[in-house]
Amino acid sequence: MRNSGATVRIGARAIIAALAVFLLAGARTARAQSAAGSVSSASGQVQIERGGATLAATPGTPVNRGDKIVSGADGNAVIVLTDESELTLRPSTTIALDQYTTGGATATRVALDSGTLRSVVNGSPDAPNNYQVHTPNAIVTARGTDFYTAYTESSPQLGKLPGISHYTEVAVIDGTVNLAQAAAPDSGVDVEAGTSGTVAGDRPPWHHRRKYPTPRPTGVRHHHPTPEPTPTRHHHPTPEPTPPRHHHPNPRPTGARHPEPTPEPTQ
């Protein structure tokens, strides 16, 4: 009986050890499957919220599916996903990587809760739409393109409309995106490169066909519909007077000759 008890104990320990190895391998696999990319660069205050913990976002920090990334008033960050797409957070921006895929019919989905996000999406023209930005009132759908999305309290294009306190703005650098109201995702408008669009509150999207300037790289959350004014130059209606030149009847020995109105008399 004594040997039998020892055998039972040894067998139980082996089972527990094998179970621990299996669970550890499963946890590692789950972490590997949820990894979506990493922080390429960061400045100022940028944090990653993950499972109740808050991490400092520094270059090389992994970014997983489900992470929330928050930049402070002085924060900027660039996140490179494993498919080589880039997400650039401007100051005072909050995003969440709700869904990440590298192929198939399911699109990568980023939630933009506040601020301004630039998305440089890696994809081919023949592939289906593979990327979406969701704000509280709009859905932006794209593939293989470069564009800004901003969730703001007023619109650079429309101003602050009566009774509307939140706006989604898109400005397209390259390619085309579809901008739709969140409640009507199949009734969007296409916004081409060099133009912008707005969803104001729960209203249908507007497509602004006039061009826009590229947003400033740091410190500015909203893009402006018109370029910065250039310094005013003062216009003079008449040229400044020039000093009178004395006319010499005889040509100078050297230098330029002044034309005479009539030939000199001959002796």
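**A walk through the predicted model**

Over residues 18-33 the pLDDT stays under 50, and the model has 1 contact beyond four places in sequence for that stretch. Taken over the protein, the mean pLDDT is 77, with 64% of the residues at 70 or more.

Strand S2 covers residues 46-50 and has two pairings to follow. With strand S5, residues 68-71, S2 pairs in the antiparallel sense over 4 bridges. With strand S3, residues 53-56, S2 also runs antiparallel, joined by 4 bridges. Isoleucine 48 takes part in both pairings: its bridge partner in S5 is isoleucine 69, and in S3 it stands opposite leucine 55. S2 and S3 make a hairpin with 2 residues between them. In the turn of that hairpin, glycine 51 has a positive phi of about 55°.

The largest nonpolar core has 32 residues, and Ile69, Leu87, Ile95, Leu117, Tyr131 and Phe147 are the ones that touch the most other members. Leaving aside neighbours within four places in sequence, its contacts include Ile95, Leu117 and Tyr131. Ala77, Val78, Ile79 and Leu81 are also among the residues that leucine 87 contacts, as are Val110, Arg118 and Ser119.

Glutamate 84 lies in the loop between strand S6 (76-81) and S7 (86-89), and its phi is about 75°. Serine 92 lies in the loop between S7 and strand S8 (94-99), with a phi near 55°. How exposed are these residues? Glutamate 84 has a relative accessible area of 61% and is exposed. Serine 92, at 27%, counts as partly exposed, because that class lies between the 20% limit for buried and the 50% limit for exposed.

One more loop runs between strand S16 (196-200) and strand S17 (206-208), and aspartate 202 is found there. With a relative accessibility of 66%, aspartate 202 counts as exposed.

Conventions. Residues numbered from 1 in each chain as written. Predicted model: local features only at pLDDT ≥ 70, side-chain atom pairs only at ≥ 80, totals over all residues. Heavy atoms only, no water. pLDDT = per-residue confidence, 0-100. Contact = heavy atoms within 4.5 Å. Buried < 20%, exposed > 50% of the residue type's maximum accessible area, 1.4 Å probe, protein only. Core = buried A, V, L, I, M, F, W, Y, C linked by side-chain atoms within 4.5 Å. Pairing = 2+ DSSP bridges.
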